[in-house]
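Here's a walk through one protein chain, written for someone with the model open on the screen. Keep the sequence within reach as you read.

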Amino acid sequence: MKWSGMFLLLAFSCLACSKSNNAQDGSTNDYTILIGSSKEEVGIGVNDGVPEGTTITVPPGIEVVRRPTHQFDPSLDKLNGHMNTFYTDLHLVNNAACGTAPVAIHLPKGLVFVNRSGARMQHGLLISDVVILVPPSTCTNSKDTLTVYLGLACLNKTKGLPWEENWEPDTREYAIGKDMHGIGKITNDANLLKLLKLFENKPRLKLSRHFNPFEALEDDYVMPEWMEIYDEIQSAIWAITDGPGLLKKEHDKLVLRLKEYQ
């Protein structure tokens with residue numbers, strides 16, 4: 001019995017070695033970490049602070065303003081982005097002369113939106129490029145403000161979701177975190193940037209409908225099929241921001257799924 005137990009222990013040890021994330025010969029298997037963890041970085045995962053990166057440049061004449069009492073508008077033509085764990089509102093003023101062409105604002109993938117609510121809320125991440133055209137606002141007696149909504153992923157799995165306290169008539173059925181986030185920096189985190197490359201040239205990820213996040217709290221809730229890909233993307237991001245990184249089997253499964261969205 002003693003020798004039998006030793007052989008069993010040896011067999012389990014060999015099995016564990018075969019699943020090692022650090023194969024000595026450079027080979028990979030399902031349990032190899034293809035994209036590493038960033039959970040030690042500032043503002044990512046459980047860590048407080050603001051994620052680091054490159055400052056974004058706003059075109060001359062464009063102002064980013066706040067409208068904390070502006071009602072949420074669910075018109076789908078105002079919804080931008082390729083991810084929907086939550087939305088943030090963005091309010092823009094173009095001070096160009098009346099009759100001039102709209103100004104294009106390029107918001108690059110990897111742009112972080114920083115929680116400014118004072119609560120322990122998640123920061124948001126834009127997973128793909130967004131271009132917004134801002135018409136001149138000086139054609140009326142008072143400046144017009146363009147309001148759009150950006151669908152974001154979350155960078156902090158254990159922190160609050162911005163829509164959790166939405167009980168106002170305009171927000172209670174939507175995943176909007178109104179006036180909770182400001183523009184941060186474009187992430188320079190190598191792991192996140194590697195993951196974001198997977199979402200390039202996937203136009204069918206573009207948001208085309210809303211969902212009510214509170215429905216997921218119901219006992220008989222079943223996730224709609226169209227939502228599944230966004231749930232998978234968020235899980236992959238949290239594997240990097242809060243976990244040990246993204247395993248090869250997880251990476252390969254996501255790559256295969258994303259082919260449906262080209």
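## The chain overall

Of the 262 residues in the protein chain, 42% are buried (buried is under 20% relative accessible area, exposed is over 50%, and partly exposed is in between, with a 1.4 Å probe and protein chains only). This is a predicted model, where local features need pLDDT of at least 70, side-chain atom pairs count only at pLDDT 80 or more, and totals for chains, interfaces and linings use all residues. Residues are numbered from 1 along each chain as its sequence is written, and side-chain values use heavy atoms, with hydrogens and water left out.

The protein chain has four helices and 13 strands (DSSP runs numbered from the N terminus: helices are H or I with at least four residues, strands are E with at least two). Take the contacts between residues at least 6 apart in sequence: 83% of them join residues at least 24 apart (contact means heavy atoms within 4.5 Å).

Is Thr88 buried or exposed? Thr88 counts as buried, because its relative accessibility is 0%. You'll find Thr88 in strand β5, residues 86-94. Setting aside neighbours within four places in sequence, its contacts are Phe113, Val148, Tyr149, Leu150, Leu152, Ile176, Gly177 and His181. Thr88 and Gly182 sit 94 residues apart in sequence, yet their C-alpha atoms are 8.6 Å apart.

Thr171 is buried too, at 4% relative accessible area, and belongs to the loop between β10 (146-154) and β11. Not counting residues up to four places away in sequence, Thr171 touches Phe72, Asn166, Ile176 and Lys178. Ile176 also turns up among the contacts of Thr88.

## Gly61 in its loop

Gly61 lies between β2 (53-55) and β3 (62-65), in the loop, and is partly exposed at 38% relative accessibility. Once residues up to four places away are left out, Gly61 touches Val93, Asn94 and Asn95.

## Salt bridges

How many salt bridges does a search of the whole structure find? It finds 10 (a salt bridge is a side-chain nitrogen of Lys or Arg within 4 Å of a carboxyl oxygen of Asp or Glu). Glu200 pairs with Lys109, with 3.0 Å between the closest N and O atoms. Glu200 is in the loop between α2 and α3, while Lys109 is in the loop between β6 (103-107) and β7 (111-115), so this pair ties together parts 91 residues apart in sequence. Both partners are partly exposed: Glu200 has a relative accessible area of 28%, and Lys109 comes in at 24%. Glu200 also bridges to Lys197, where the closest N and O atoms are 3.8 Å apart. Lys197 counts as exposed, at 51% relative accessibility. Elsewhere, salt bridges with shared partners join Asp48, Arg120 and Lys159 into one network.

Then there's Arg116 with Asp179, a salt bridge at 3.2 Å from N to O. Arg116 is in the loop between β7 and β8 (124-125) and Asp179 in the loop between β11 and β12, so the pair ties together parts 63 residues apart in sequence. Arg116 is partly exposed at 34%, whereas Asp179 is buried at 13% relative accessibility.

## Positive phi

Most residues other than glycine have a negative phi. Asp179 has a positive one, near 60°; its loop runs between β11 (176-177) and β12 (181-187). Asn201 also has a positive phi, near 55°. Asn201 sits in the loop between α2 and α3 and is exposed, with 67% relative accessible area.

## A negative patch

Which residues form the negative surface patch? They are Glu173, Glu215, Glu218, Asp219 and Asp220. A patch is made of residues with over 30% relative accessible area and no salt bridge, with like charges joined within 9 Å; Asp and Glu count as negative, and the charge is placed at CG of Asp or CD of Glu. Glu215 is in the loop between α2 (190-196) and α3 (228-241), and is partly exposed at 38% relative accessibility.

Conventions:
Patches are made of residues with over 30% relative accessible area and no salt bridge: like charges are joined within 9 Å, nonpolar side chains (Val, Leu, Ile, Met, Phe, Trp, Tyr) within 5 Å. Accessible areas come from the Shrake-Rupley method with a 1.4 Å probe; for residues, only the protein chains shown count as cover.
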